[in-house]
Amino acid sequence: MQPPIHYRSIVELGRAIRAAELTAVAIAEHFLDRIDALEPHLRAFTVVCRDRALAQARAADAQLGAGIDLGPLHGIPYVAKDLYDVAGLPTTAGTRLLADNVPDADCTVVDRLTRAGMVLLGKTITVQFAYGGAGINTDQGTPHNPWHSDPHLPGGSSSGTGVAVAAGMAPMGLGSDTGGSVRIPASMCGVTGLKTTVERISRAGVYPLSRSLDSVGPLTRDTADAAIVYEAMQGHDPADSTTRGQTPHDVTSGIGRGVSGLTLGVPRAVFWEDCDAEVERLVREAIAHVESLGAKVVDIEFEPAAAARRLNPRGLVIAAEAYEVNRHLVDSSIEALDPIVAFRIVQGRDIPAHEYLATVRAWEELRADTVHALDGIDGLLCPTVMVPPTPVADALASTETYAERNLQALRNTSIGNILALCGLSVPCGFTASGLPVGLMIYGKPFDEAPVLRVGHAYQRSTDWHRRHPALDWLG
């Protein structure tokens with residue numbers, strides 16, 4: 001039985017378009033109507049661009065009618081985190097202080113997706129300046145995790161994107177990942193999220209948090225969809241010098257090869273410390289399942305993970321770079337900022353240059369050690385987030401609790417950013433309260449293909465990613 005339109009994957013929607021069962025306009029209208037119905041309750045969007053979406057959908061149908069097929073994304077709707085420049089729409093980066101920041105042109109990634117025939121439905125809420133893992137936005141509002149009637153943390157900073165994809169308001173959404181901001185909402189909202197290697201995809205026209213760590217990545221229904229979107233976005237962009245030399249590589253043709261022949265490591269410490277018991281059980285069951293599919297799974301010591309935690313004092317690299325980008329707003333309007341965001345970003349003002357540079361150099365050495373430590377290992381398996389989503393009210397009970405929930409969300413994911421790894425979070429089960437849990441598959445830098453193979457193999461033989469929030473609490 002076919003799932004409803006709003007829960008179909010990109011692959012399924014593409015098949016329906018080419019079989020003339022659905023038009024791009026009909027799909028866009030369906031998603032726009034669903035956004036209209038759910039947005040008052042879930043509050044995932046900063047703006048919905050109905051006119052633009054319908055115009056793009058009509059163009060997609062006209063091209064197909066003329067025999068022009070732009071590929072697997074042709075006519076497929078998506079949303080973009082409100083860090084991505086879209087011509088004529090504000091890029092607010094999660095704060096009303098940037099309400100008048102309206103670009104004249106689309107960013108490179110949005111332009112590439114447009115050229116691939118995609119249809120932009122709107123822009124989604126992010127944590128202020130994308131600087132937080134819990135997903136709270138005290139300015140524009142915190143999106144409502146659709147898996148529970150009481151507001152629970154959606155994960156951040158790509159909170160609105162995670163909620164929109166999970167609730168069937170879009171089959172794909174753009175996020176960004178600096179310390180976990182794609183993978184955390186993917187885990188907490190029960191969808192799939194790909195953190196790409198920095199330099200793989202252009203960041204030109206994407207509001208920055210940390211120039212050293214920011215990466216672009218999609219949140220999707222499943223791994224196959226993530227691979228398709230990744231291929232469309234990757235490659236050199238003259239507007240982003242960090243992508244120089246990056247040639248597009250194929251990750252889709254081999255994604256169905258399974259896991260036989262792959263060696264996957266399960267780190268013994270760090271990622272499991274203080275892990276919630278239900279999360280640990282579900283993730284270990286998922287790891288056993290991956291092993292049953294034919295992968296060689298080995299317990300390993302992975303010292304770089306512990307070293308990454310030691311070499312991230314006060315998050316000083318992100319803090320310094322975030323302050324450099326936003327100092328004009330921080331210094332003039334700090335009272336308008338979320339208290340945790342303000343606390344974290346202000347630390348960057350007083351970090352000595354020698355301490356910043358010493359940390360960056362130490363990271364470079366650690367990244368070389370990491371590649372050596374992963375010799376013979378095709379990927380790592382661990383929990384994406386060490387705890388399930390908790391109530392927003394609990395997180396906001398005190399500044400201390402808010403800070404603790406934020407650190408819990410970021411603990412396992414931020415390690416991968418420091419080590420320059422790529423990574424994928426896939427749903428691997430639900431707690432007794434019905435809240436989603438994610439399995440994280442880490443890969444070496446610039447080695448997304450085996451990570452996607454593992455995720456795809458796991459999802460072909462499980463159905464966690466096909467489960468959707470009932471939303472019966474909406475009445």
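Helix H8 covers residues 277-292, with 16 residues in all. From first C-alpha to last, H8 reaches 23 Å, close to the 22 Å expected at 1.5 Å a residue. That expected span is 1.5 Å times one less than the number of residues. Helices (DSSP runs of H or I, at least four residues) and strands (runs of E, at least two) are numbered from the N terminus. The model is predicted: local features need pLDDT of at least 70, side-chain atom pairs count only at pLDDT 80 or more, and totals for chains, interfaces and linings use all residues. Residues are numbered from 1 along each chain as its sequence is written, and side-chain values use heavy atoms, with hydrogens and water left out.

Now look at the sides of H8. Val279, Leu282, Val283, Ala286, Ile287 and Val290 are buried. Buried means under 20% relative accessible area, exposed over 50%, and partly exposed in between, for a 1.4 Å probe and protein chains only. Seen down the axis of H8, the buried residues fall within an arc of 140°, so they line one face of the helix. The arc is taken from the directions between the helix axis and the C-beta atoms. On the face turned away from the buried side sit the exposed residues Ala277 and Ser292.

What do the buried residues of H8 pack against? Their partners include strand E7 (263-267), strand E8 (296-300) and helix H15 (448-460). Contact here means heavy atoms within 4.5 Å.

The ends of H8 have their own details. At its start, a side-chain oxygen of Asp276 reaches to within 3.0 Å of the backbone nitrogen of Glu278. Just after H8, Gly294 takes a positive phi of about 120°.

Next comes the core. In soluble globular proteins, nonpolar side chains tend to be buried together. The largest nonpolar core here has 157 residues. Such a core is a set of buried Ala, Val, Leu, Ile, Met, Phe, Trp, Tyr and Cys residues joined through side-chain atoms within 4.5 Å. Its residues with the most contacts inside it are Tyr84, Phe129, Met169 and Leu174. Helix H10 (residues 316-333) gives the largest share of this core, 10 residues. Leu174 touches, among others, Tyr78, Tyr84, Leu113 and Met233, not counting residues up to four places away in sequence.

Last, the cysteines. The count of disulfides (pairs of cysteine sulfur atoms within 2.5 Å) is zero. For Cys49, the nearest cysteine sulfur, that of Cys107, is 13 Å away. Cys49 counts as buried, at 8% relative accessibility. For Cys275, the nearest is that of Cys382, 9.3 Å away. Cys275 is buried too, at 12%.

Key. Polar contact = N/O pair within 3.5 Å; in protein donor to acceptor, adjacent residues only side chain to side chain.
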